[in-house]
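Visitor: Hi, could you walk me through this one? I'd like the plain version, please.

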Amino acid sequence: MTKAPRTPACLNNHTDLIGDPLPEPLRPRGRGARSNRTNRFEDKAYEPFDDGWRDTDPEPEQLRTTTLIDSSRSIVTRNQSPDISFNLSINPYRGCEHGCVYCYARPSHAYWGYSPGLDFESVIFKKPDAAKLLERTFLDRHYRPEPIVIGANTDCYQPIERTEEITRDLLKICVAFSHPVSVITKSALILRDLDIIAPLARKGLFRAAISITTLDRRLARDMEPRAATPTRRLDAVKQLTEAGVPVTVMAAPMIPGLNDRELEAILKASAEAGAVSAGYVLLRLPMEIKGLFKEWLATTRPDAASHVMSLVRQTRGGEEYDSAYGKRQRGDGPYARLLASRFRKAIERYGLKTKGPGLRCDLFERPLARGNQGSLF
């Protein structure tokens, strides 16, 4: 595998100095992370420097997205975490152009030699053979159907999907085999595939989870720079519901002192749009995300940064993150318990459930046209 060419030097300075403001030319437009900080596997770190360029000078070249091929030999991943409600998942892409600064998938980019910072949102691995691999999985006589989630790690409807259509091809395979499937996304691009999704939903084979982090357009733009606006996401919930697709809304992540005050408003708007269930997750800051998030706070919400991090520590036993099962999704302490109480009361008030409808596994069949030998009985 060949690494993608690096971005121009003026855009590619790394930092390990949490809280230090970056010189303006080092903030690529339309990106979530504020730096390309060194990943945890590298033995060299980089520090920012001010080379004298200012806003009055010509702007540097914008950071572009580079696409690489992921030639994985399998496509379905089995989940081992007791905190997650599903067992099987598929991720058509590694990395995500949405650029959400809080994304829990960012540290995974380090395994490929890239930064969880700007590299994560500008160096995207795609899996063009995903549909073929999924078909091969379903044709295996030892395979037993159970619901599969597409996009559990990175968004399966991120901008690159508009042209690649890998998620759409995966859904077509699920149609051919009558296999239960769900997607997690914050993109309105899911509506493009209503022609596939709606028939699956009518058979009890599909449901959608839409992530709505905030209703504040400015905060959404700063925190999730290339994702759909809150209004477009609510509209997606409405159109999916009208097409007969059950929708769960994820108010995630809830960030103490930043967007957690919107929890009830998000759930109310989601219920009015037609969502049948809802969930929430407390902000998680494992590994490199901790530094990236603090850096983002320092540059976009400097007045609130210390307060937000203080509240985060209150939900994590005085630390900035606790990875213990049972706690990493919800946190601990009075502040976390208050958030959980607010959530329970809000879903009761707005008629939402904590779980979406189950998906059917009994309709699964291997089409003869795909080389499968039928039963003699």
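Guide: Happy to. Helices (H or I, at least four residues) and strands (E, at least two) are DSSP runs, numbered from the N terminus. This is a predicted model, in which local features need pLDDT of at least 70, side-chain atom pairs count only at pLDDT 80 or more, and totals for chains, interfaces and linings use all residues. Residues are numbered from 1 along each chain as its sequence is written, and side-chain values use heavy atoms, with hydrogens and water left out.

Visitor: Thanks! Where is Asn79 found?

Guide: Asn79 sits in the loop between β2 (77–78) and β3 (88–90).

Visitor: Is Asn79 buried or exposed?

Guide: Asn79 is buried, because its relative accessible area is 17%; buried means under 20%, exposed over 50%, and partly exposed in between, with a 1.4 Å probe and protein chains only.

Visitor: And what does Asn79 touch?

Guide: Leaving out residues up to four places away in sequence, Asn79 touches Ile84, Phe86 and Asn87. Contact here means heavy atoms within 4.5 Å. A polar atom of the Asn79 side chain also lies 2.9 Å from the backbone oxygen of Phe86.

Visitor: Zooming out, how many helices and strands are in the chain?

Guide: The chain has eleven helices and ten strands. Of its 377 residues, 53% count as buried.

Visitor: Which residues are buried in helix α2?

Guide: In α2 (residues 130–139), the buried ones are Ala130, Ala131, Leu133, Leu134, Glu135 and Phe138. Their cover includes β3, β6 (148–150) and α4.

Visitor: Now helix packing: how do the axes of α7 and α8 cross?

Guide: The axes of α7 (residues 230–242) and α8 (residues 263–273) come within 8 Å and cross at roughly 30 degrees. So α7 is roughly parallel to α8, a label for angles under 35 degrees, with over 145 roughly antiparallel, 65 to 115 roughly perpendicular and the rest oblique. Axes are lines fitted to C-alpha atoms, for helices over the stretch in contact, and angles run from 0 to 180 degrees between N-to-C directions.

Visitor: Which residues make that contact?

Guide: Leu234, Val237, Lys238 and Thr241 of α7 meet Ala269, Ser270 and Ala273 of α8.

Visitor: What about α4 and α5?

Guide: The axes of α4 (residues 166–177) and α5 (residues 194–202) come within 10 Å, crossing at roughly 30 degrees. Arg168, Leu171, Lys172, Cys174 and Val175 of α4 make the contact with Asp195, Ile196, Ile197 and Leu200 of α5.

Definitions and conventions:
A polar contact is a pair of N or O atoms within 3.5 Å; within protein, one must be able to donate a hydrogen and the other to accept it, and residues adjacent in sequence count only if both atoms are side-chain atoms.
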